[in-house]
Amino acid sequence: MNLDLHPLQGCRTLYRWQHGHLEHHLRTLHPQWGERPLTITSQDLASNASFVNYVRHHRLVDPCTGQDLELVEKSIRKVAFIGSQEARFYRARDMLRGSKHFHYPACLGVIETPWESLIFTGFARGKPPRMQAIAKQLALGIAELESLSHRYLSQQPWHKAPLFWSMDFFRPWFLLRPRFNFARCLPELERLAQSDERFNGLADSFKAFEPLLARLGRAARRSPRCISHMDYLRKNLFIDNGQLQLIDWSEVKVGRVGFDGGAYLGALFRRKDMPVFLTARQQFLDAYREALPAGFDTGEALRNLHYMFLLNALFHCLRPETIAEYQEKQRMPVLRQKYDYLLSLL
Ligand SMILES: Nc1ncnc2c1ncn2[C@@H]1O[C@H](COP(=O)(O)OP(=O)(O)OP(=O)(O)O)[C@@H](O)[C@H]1O
Ligand SMILES: [Mg+2]
């Protein structure tokens with residue numbers, strides 16, 4: 001059985017008071033297996049996110065049907081018994097049912113213990129895409145994700161409100177993260193200007209983004225809510241026969257329409273030189289404008305996209321690690337070009 005080709009199915013969350021063995025968990029998720037013997041081979045997959053204990057690929061034979069099963073187990077540590085965003089998102093993953101542009105590995109179930117969340121999904125096949133080459137496909141997928149999740153969130157009963165409230169982008173536990181506060185990086189830019197006159201006066205110019213971002217943030221806060229994945233990186237996407245599969249919801253938020261486009265373009269801006277970025281940006285925006293359902297205000301979505309793009313791009317281009325990297329590779333003129341582009345958006 002190829003789990004990743006299954007349509008989205010109800011993803012159950014089960015609660016356990018104790019750590020258990022993998023085999024025990026798998027039997028819990030597949031009660032039809034009873035006590036039939038299982039042989040499982042497992043392999044660790046590379047993962048970096050904080051709070052992730054491990055990500056593992058398991059292979060076994062379904063003892064009832066004799067078919068090969070491949071699945072992925074992601075273990076996420078809890079802090080003070082509080083579960084991760086990702087595990088919370090899986091409780092509502094049914095919202096993605098009916099998605100045509102993005103495909104998602106089937107969710108087999110989530111097991112919650114007081115110490116960790118174990119998320120079991122199907123194993124996705126395919127190659128990591130070239131991010132600039134899938135701008136149009138991403139635009140269609142993102143517009144669809146935003147529209148499906150917006151509809152879902154607006155139909156939720158009141159008792160689910162605390163769950164979505166806690167996942168909202170505008171909560172202080174997200175907003176206070178360094179990555180959304182580029183101004184902390186400006187002293188480093190001032191220091192750079194002392195040794196490299198090409199960067200003279202730029203820190204002052206960048207300060208003008210603070211009131212602009214505050215304004216964009218206030219407007220975004222009042223705009224339509226949706227689920228935003230926020231982590232469009234090569235390693236989180238698989239392309240197989242033209243189909244795009246999206247994984248890794250560790251950055252998921254209740255965001256606003258437009259945020260995911262800004263997150264994608266921000267990540268692309270960080271990694272690519274200007275010509276590649278500008279071409280992909282145009283392709284993305286053209287396709288996204290076209291794909292956004294009539295119920296959304298395009299101007300509002302693009303303003304939110306701009307907000308999220310600026311938050312990401314400013315932080316990544318100004319942080320000391322980025323400056324050091326460009327210095328080391330002797331690419332400071334390229335960095336200066338990126339700064340000029342950002343400042344042209346003021
Ligand atoms: N369902 C899946 N199918 C195939 N491979 C997967 C799947 N889930 C995870 N992986 C592989 O494991 C890696 C880590 O998983 P994931 O991205 O969920 O964890 P993470 O800790 O958030 O990682 P990172 O911060 O490095 O993105 C992925 O980049 C991917 O290569
Ligand atoms: Mg990942």
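Arg-319 touches Cys-185 and Arg-270, leaving out residues up to four places away in sequence; contact here means heavy atoms within 4.5 Å. Arg-319 sits in the loop between α11 (298-318) and α12 (320-328). Helices (H or I, at least four residues) and strands (E, at least two) are DSSP runs, numbered from the N terminus. With a relative accessible area of 19%, Arg-319 is buried. Buried means under 20% relative accessible area, exposed over 50%, and partly exposed in between, with a 1.4 Å probe and protein chains only.

Some ground rules. This is a predicted model, in which local features need pLDDT of at least 70 and side-chain atom pairs count only at pLDDT 80 or more, while totals for chains, interfaces and linings use all residues. Residues are numbered from 1 along each chain as its sequence is written, chains are lettered from A and ligands numbered from 1 in the order in which they are written, and side-chain values use heavy atoms, with hydrogens and water left out.

Now confidence. The protein chain has a mean pLDDT of 93, and 97% of its residues reach 70 or more; pLDDT is the predictor's confidence in each residue, from 0 to 100. Over residues 1-8 pLDDT stays under 50, and the model has 22 contacts for them beyond four places in sequence. Where pLDDT is low, the predicted coordinates should not be read in detail.

Next, the metal. Which residues coordinate the magnesium ion, ligand 2? They are Asn-236, through OD1, and Asp-248, through OD, at 2.1 Å. Donors are N, O and S atoms within 2.8 Å of the metal (3.2 Å for Na, K and Ca), and water is not among the atoms, so sites may look incomplete. Asn-236 lies in the loop between β8 (225-228) and β9 (237-240), and Asp-248 in the loop between β10 (243-246) and β11 (253-256), so the pair ties together parts that are 12 residues apart in sequence. Asp-248 counts as buried, at 15% relative accessibility. Its phi is near 65°, a positive value in a residue other than glycine.

Phe-51 also has a positive phi, near 75°, and is not a glycine. Phe-51 is in the loop between β2 (41-45) and β3, and is partly exposed at 40% relative accessible area.

On to ligand 1. Of the 20 residues around ligand 1, those that come nearest are Ala-46, Lys-74, Gly-122, Ala-124 and Asp-248; a residue is near a molecule if one of its heavy atoms lies within 4 Å of it. A nitrogen atom of ligand 1 is 2.9 Å from a polar backbone atom of Gly-122, and a nitrogen atom of the ligand is 2.7 Å from a polar backbone atom of Ala-124. An oxygen atom of ligand 1 lies 3.3 Å from an N or O atom in the side chain of Asn-236. At least two residues of the shell come from each of β3 (52-61), β4 (68-77) and β7 (116-122).

Last, two more residues. Is Asp-168 buried or exposed? Asp-168 is buried, with a relative accessible area of 2%. Its place is the loop between α4 (161-166) and α5 (172-175). The side chain of Asp-168 makes a polar contact (a pair of N or O atoms within 3.5 Å; within protein, one must be able to donate a hydrogen and the other to accept it, and residues adjacent in sequence count only if both atoms are side-chain atoms) with the side chain of Arg-256, at 3.1 Å. Ser-195, in helix α6 (residues 186-195), counts as exposed at 63% relative accessibility.
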